[in-house]
Every structure is written in structure tokens, then in C-alpha cells.
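Please read them beside the coordinates.

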Amino acid sequence: ATIYLHQERFIEAFTSSEEAIKIDNSQPAVWSNRSLALMGLNDLSNALLSVNQALELKPDFADAIFNKSNILSKMDRFNESLTQIKRYLRQNPSNYLGWAFRAKIHSQLKQYDEAINAYKEAFNLNPLSLEVLINLSLVLGEAGLYEEAELYLKKAISLNLHNVCSPTTQ
């Protein structure tokens, strides 16, 4: 299922997860993968049921906690999503993707100060993330901090130009 998920072949990932569950339904990773497949198929209610099953089996399973936050966000249940991503970050404080996702949720809730702080944490953890730089500049603009937004946007442009112009090794 994991390989299919990486290939965004969600039907195959779901089928593979179902087969694995028939063999052994006590594996939280299988339930978590099933939830990702269902999320990819836009079956969010069943995705949430599957990720909850993973967390019932292993309450501190970080990947499932992150997945639950993602599912809840897609269901526009942002406050619940935020609770889950905070829980995830308590276990994984160095994960820039977790901080970026937290920032995205804060932004959805129009909590711009918190979004800015979370994006800055993500940027500190991974200053080469073009997505973080662009989203940080957008949120700074939403908050009316135009000069700082321009600064981060220039960093994003510089990073992108560096990536485009750098010679590749063959």
C-alpha cells in the first residue's frame, strides 16, 4: 500500500490495505495507510474512521496523528485539525512539514500571528523550502506586514533562481 500511495494510485493502495487488514487487523500502519488511500479517493468520513482505528491501536502513532490532522483539515474541521497537529509537533518538534501544516491551519482560521510564527519555525528548520517561503510571504501580506512579506518573497525568488540556474550533475 505504501508504494501505491507514493505513486498516488489510491485504489490500489486501498485494495492492498484491505487485503492486509484481512490478514492482520491489529497493525496501526495498515489502518493509517488505508486512511491515506481513502483520503486520496476523497472518502473523508471513512478515512477518519480508519485513522481513528490506527490511533485506537497505537495512540501515540505520529504518522496517524498527522494524517488525522490532514483529514480533519480537508473536512474544514480546522480547530480539531489544529489540536492534532499540535499533538504531532509535541512528538516531532523538528519536522518542518508539521510546522508548515500548522501554519496553514492557523491561516485558514485567520490567526495570522500564529501562522506567521509557525511558518517562521518551518523556515528555520528548512530554509530551502520554496513553498514555506512563498506561503510565509502570503500570510505576512494578509496580516498587512508588506515589507516583511516582500523580504521573504525576495528570498523565495532568489532561491528559485538559484535552483533553476544551478548546473545539474549527470
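1. Among contacts in the chain (heavy atoms within 4.5 Å) between residues at least 6 apart in sequence, 46% join residues at least 24 apart. The model is a predicted one, in which local features need pLDDT of at least 70 and side-chain atom pairs count only at pLDDT 80 or more, while totals for chains, interfaces and linings use all residues. Residues are numbered from 1 along each chain as its sequence is written, and side-chain values use heavy atoms, with hydrogens and water left out.

2. The chain has 10 helices and 0 strands. The C-alpha trace spans about 55 × 45 × 25 Å along its principal axes. Of the 170 residues in the chain, 39% are buried; buried means under 20% relative accessible area, exposed over 50%, and partly exposed in between, with a 1.4 Å probe and protein chains only.

3. Helix 5 covers residues 62-74, and its 13 residues reach 19 Å from first C-alpha to last, close to the 18 Å expected at 1.5 Å a residue. The expected span is 1.5 Å times one less than the number of residues. Because 11 of the 13 residues of helix 5 are buried, this helix is largely enclosed by the rest of the structure.

4. The axes of helix 4 and helix 5 come within 10 Å and cross at roughly 160 degrees. Axes here are lines fitted to C-alpha atoms, for helices over the stretch in contact, with angles from 0 to 180 degrees between N-to-C directions. The two helices, helix 4 and helix 5, are therefore roughly antiparallel; angles under 35 degrees count as roughly parallel, over 145 as roughly antiparallel, 65 to 115 as roughly perpendicular and the rest as oblique. Helix 4 passes helix 5 in a left-handed crossing, a term for a near helix turned anticlockwise from the far one by less than a right angle, clockwise being right-handed. On the helix 4 side the contact involves L44, A47, L48, V51, N52, A54 and L55, which meet A64, I65, N67, K68, I71, L72 and K74 of helix 5.

5. The largest nonpolar core has 44 residues, and I85, Y88 and Y119 have the most contacts inside it. Such a core is a set of buried Ala, Val, Leu, Ile, Met, Phe, Trp, Tyr and Cys residues joined through side-chain atoms within 4.5 Å. Two or more residues of this core come from each of helix 3, helix 4, helix 5, helix 6, helix 7, helix 8 (112-125), helix 9 (130-142) and helix 10 (146-165). Helix 8 gives the largest share, 7 residues. Not counting residues up to four places away in sequence, I85 touches F66, S69, G98, F101, R102 and I105.

6. For helix 7, the 13 residues should span 18 Å at 1.5 Å a residue, and the end C-alpha atoms are 18 Å apart, which agrees. Its buried residues are G98, W99, A100, F101, R102, A103, I105 and H106. Helix 5, helix 6, helix 8 and helix 9 are among what covers the buried residues of helix 7.

7. Helix 7 and helix 8 have axes that come within 8 Å and cross at roughly 165 degrees. That angle makes helix 7 roughly antiparallel to helix 8, and the crossing is left-handed. Helix 7 contributes Y96, W99, A100, R102, A103, K104, H106 and S107 to the contact, and helix 8 contributes Y112, E114, A115, A118, Y119, E121, A122 and L125.

8. E8, in the loop between helix 1 (2-6) and helix 2, has phi near 55 degrees, a positive value in a residue other than glycine. At 59% relative accessibility, E8 counts as exposed. K110 is in the loop between helix 7 and helix 8, with phi near 60 degrees, again positive in a residue other than glycine. K110 is exposed too, with a relative accessible area of 60%.

9. Is A13 buried or exposed? A13 lies in helix 2 (residues 10-23) and counts as buried at 0% relative accessibility. Not counting residues up to four places away in sequence, A13 touches A1, Y4, L5 and A37. The C-alpha atoms of A13 and L128 are separated by 31 Å, the two residues being 115 residues apart along the chain.

Methods. Helices (H or I, at least four residues) and strands (E, at least two) are DSSP runs, numbered from the N terminus.
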